[in-house]
Amino acid sequence: MPKATGTLAVPGAVLHYQIRGTGPLLLISQSGEGDADRTTDLVAHLTDSYTVVSYDRRGLSRSRLDAPERGATLAEHADDVHRLLASLTDTPALMLGCSLGAVIGMHAIVRHPEQIRTLIAHEPVAPRLLPDDERARHERELVALQDLYLREGLAAALPEIARTLGIDPAATDTEPDLTPQPMNALRTTNFDYFIRHDFTAVIHDTLDIAALKGVSTHIVPAAGRTTPRTVFDYRAATALATVLDRELQELPGGHNGNTSHPRTWATRIREILNAAG
């Protein structure tokens, strides 16, 4: 199916976005260093049901920053979502937020709940959802990962980031015929921005957890079937389910199941969104 691309000027940046498919608008906010192309396999299995929008988060790939060295707050990332949706539709959209994208989605619905009908929040990297002692421990963990990256580089930091999120880089439980995602120069540059700046945004997050209970958006807490139950992203997902008094929805694979299991993820996303109404 043809893919349309566009740009949108927002305060401090110009965002790149992509649109494919037909049907209700479904915005995907990606995890980690992922840009609009990260979930290309997943999108391909959703375009018969949804108009899927994906975008390069500010600071990544084709989304240009006025001041790249400054970074961005999660509130700014959420404002980007608000402005992108406002430019594309005047009816409430659907949203899939993965990891950091889930936290961005939660910020967006606290500020503009009328724009998003349903948010699937998969394993949000949100220490603020956790008890104070656990929150502080995980924030220190993120600072230590930043320091490791700045001292020793990506090769040293990546295995520790994977361990922190419960990702097994050697896992063979994947669907066949996946689009390769090599560690090329663009992805390495994206990792640099993500670790230097978006880690800081998570550490200094200001998300109002109590406000999530009162929003009109239907929030669906979700987590990976194979994500270890002890890691902080899974713990945050279960904490979100507790805050909202909702059942935690399970999706195939682990933290990166959106790329390792795109076909079965697409099926589950349809089921979850259909059930949400």
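Because the model is predicted, local features need pLDDT of at least 70 and side-chain atom pairs count only at pLDDT 80 or more, whereas totals for chains, interfaces and linings use all residues. Residues are numbered from 1 along each chain as its sequence is written, and side-chain values use heavy atoms, with hydrogens and water left out.

**The largest pocket**

Begin by selecting R38, I167, P169, N256 and T259, which lie nearest the centre of the largest pocket, a space lined by 43 residues. A pocket here is an open set of points, on a 1 Å grid over the protein atoms alone, with protein on both sides within 12 Å along at least five of seven lines, and lining residues are those with an atom within 4 Å of a point. About 1,100 Å³ of space lies in this pocket, where a volume is the space filled by probe spheres set on the points, and grid points are joined across faces, edges and corners.

Next colour the helices α4 (132-152), α5 (154-165), α6 (185-203) and α9 (257-260), each of which supplies at least two residues of the lining of the largest pocket; helices are DSSP runs of H or I with at least four residues, strands are runs of E with at least two, and both are numbered from the N terminus. Of the elements, α5 gives the most to this lining, with six residues. By class, the lining of the largest pocket divides into 20 nonpolar, 18 polar and five charged residues, where Ala, Val, Leu, Ile, Met, Phe, Trp, Tyr, Cys and Pro count as nonpolar, Asp, Glu, Lys and Arg as charged, and the others, Gly among them, as polar.

**The second largest pocket**

The second largest pocket holds about 260 Å³ of space. To find it, select D35, D37, R38, Q181 and R187, the closest to its centre of the 14 residues that line it. Here α6 gives the most to the lining, with three residues, and the lining of this second largest pocket comprises three nonpolar, six polar and five charged residues.

**Two cavities**

A cavity, unlike a pocket, is a set of grid points where a 1.4 Å probe fits but cannot get out, and the count comes to two cavities of 30 Å³ or more. For the largest cavity, with about 90 Å³ of space, select its lining, which includes K3, Q18, R20, A36, D37, V52 and S54. The elements β2 (13-20), α1 (40-44) and β4 each supply at least two residues of that lining, which divides into five nonpolar, four polar and three charged residues.

The second largest cavity has a volume of about 40 Å³, and R38, T39, T40, D41, L42, Q181, N258, T259 and P262 line it. Helix α1 gives the most to the lining of this second largest cavity, with three residues.

S54 counts as buried because its relative accessible area is 4%, the classes being buried under 20%, exposed over 50% and partly exposed in between, with a 1.4 Å probe and protein chains only. Its side chain reaches the backbone oxygen of A36 at 3.0 Å.

Then move to R57, found in the loop between β4 and β5 (64-65), which is also buried, with a relative accessible area of 2%. The side chains of R57 and D198 are joined by a polar contact of 2.9 Å, that is, a pair of N or O atoms within 3.5 Å in which, within protein, one must be able to donate a hydrogen and the other to accept it, residues adjacent in sequence counting only if both atoms are side-chain atoms.

**Strand β8 and its partners**

Now select strand β8 (residues 218-224), in which six of the seven residues are buried. Strand β7 (residues 116-122) runs parallel to β8 and is joined to it by five bridges, with I120 opposite V220 in β8; two strands pair if DSSP finds at least two bridges between them. Strand β9 (residues 249-251) also pairs with β8 in the parallel sense, over three bridges, and there A223 stands opposite E250 in β9.

**P11**

End at P11, in the loop between β1 (4-10) and β2, which is partly exposed, with a relative accessible area of 46%. Although P11 and D66 are 55 residues apart along the chain, their C-alpha atoms are separated by 8.8 Å.
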